[in-house]
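Q: I am new to this structure. Please show me how to read its features, one at a time.

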Amino acid sequence: SSTRQNWSTILDETSYPAGTLGNVIERHGSSPTDAAAVVYLLGTTLESHGGSGGEDDTQLWTLVTLLKMTESSAIICAREGLSDTASFGSPQSLGALRVAWQYVWKILF
C-alpha cells in the first residue's frame with residue numbers, strides 16, 4: 001500500500017561548520033496494514049520453523065525481528081492517535097495489526 005502519507009520531513013538541528021548545509025532527515029513510517037503483513041509473515045515463519053525440531057537460527061532471527069516490531073507497532077499506535085481520533089484516524093485502522101499480533105501470541109503460547 002502507499003505509505004507516503006506516513007512519512008515526515010524534518011530539519012536536522014545539529015550545528016554545522018560555516019558554508020555547510022544542514023541535513024534534511026526524512027522519517028519513513030508504515031501503515032498499520034503494512035506492519036500487520038510483516039508481523040503475520042513473521043508469525044507464519046515461526047509457526048513453520050518453531051518447536052524443538054525447528055531451525056535455531058531461523059527461530060532466533062524471527063523472534064528478534066518480532067521484538068523489533070513491537071516498537072514499530074507502539075509507534076504506529078501512537079501515530080494513529082488512539083486518544084485523538086479527529087486528527088489521526090480511528091482505532092479501527094489498527095484492526096489488522098491487532099489480529100496479526102494475536103496470531104503471533106497464539107503461536108508463542
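Q: At what angle do helix H1 and helix H4 pack, and how far apart are their axes?

A: Some ground rules come before the case. This is a predicted model, in which local features need pLDDT of at least 70 and side-chain atom pairs count only at pLDDT 80 or more, while totals for chains, interfaces and linings use all residues. Residues are numbered from 1 along each chain as its sequence is written, and side-chain values use heavy atoms, with hydrogens and water left out. An axis is a line fitted to C-alpha atoms, for helices over the stretch in contact, and angles run from 0 to 180 degrees between N-to-C directions. Helices (H or I, at least four residues) and strands (E, at least two) are DSSP runs, numbered from the N terminus. Now the case: H1 (residues 32-49) and H4 (residues 95-108) pack at about 15°, and their axes are 8 Å apart.

Q: Are H1 and H4 roughly parallel or roughly antiparallel?

A: Angles under 35 degrees count as roughly parallel, over 145 as roughly antiparallel, 65 to 115 as roughly perpendicular and the rest as oblique. H1 and H4 are therefore roughly parallel.

Q: Is the crossing of H1 and H4 left-handed or right-handed?

A: A crossing is left-handed if the near helix is turned anticlockwise from the far one by less than a right angle, and right-handed if clockwise. The crossing of H1 and H4 is left-handed.

Q: Which residues make the contact of H1 with H4?

A: Contact means heavy atoms within 4.5 Å. On the H1 side, the residues include Ala 36, Val 39, Tyr 40 and Gly 43. On the H4 side, Leu 97, Ala 100, Trp 101 and Val 104 are among them.

Q: At what angle do H1 and H2 pack?

A: H1 and H2 (residues 56-79) pack at about 160°, with axes 10 Å apart. They are therefore roughly antiparallel. H1 passes H2 in a left-handed crossing. The contact includes Leu 42, Thr 45 and Leu 46 of H1, and Thr 62, Leu 66 and Met 69 of H2. By class it has eleven nonpolar, six polar and one charged residues.

Q: How do the axes of H2 and H4 cross?

A: They come within 12 Å and cross at roughly 150°. That makes H2 roughly antiparallel to H4. The crossing of H2 and H4 is left-handed. Ser 73 and Ile 76 of H2 take part in the contact, as do Trp 101 and Leu 108 of H4, among others. This contact of H2 with H4 has eight nonpolar, two polar and no charged residues.

Q: How many residues does the largest nonpolar core have?

A: A nonpolar core is a set of buried Ala, Val, Leu, Ile, Met, Phe, Trp, Tyr and Cys residues joined through side-chain atoms within 4.5 Å. Buried means under 20% relative accessible area, exposed over 50%, partly exposed in between (1.4 Å probe, protein chains only). The largest core has twelve residues, including Ala 36, Leu 66 and Leu 97. H1, H2 and H4 are the elements that give two or more residues to this core. H1 gives the most, with five.

Q: Is Thr 62 buried or exposed?

A: Thr 62 sits in helix H2. At 0% relative accessibility, Thr 62 counts as buried. Beyond its neighbours within four places in sequence, Thr 62 is in contact with Leu 42, Thr 45 and Leu 46.

Q: Is Ser 48 buried or exposed?

A: Ser 48 belongs to helix H1. At 57% relative accessibility, Ser 48 counts as exposed.

Q: Where is the place of Gly 50?

A: Gly 50 is in the loop between H1 and H2. At 28% relative accessibility, Gly 50 counts as partly exposed.

Q: In what order do the elements run?

A: From the N terminus on, they run β-β-α-α-α-α. The protein has four helices and two strands. Of its 109 residues, 25% are buried.

Key: Nonpolar A, V, L, I, M, F, W, Y, C, P; charged D, E, K, R; others polar.
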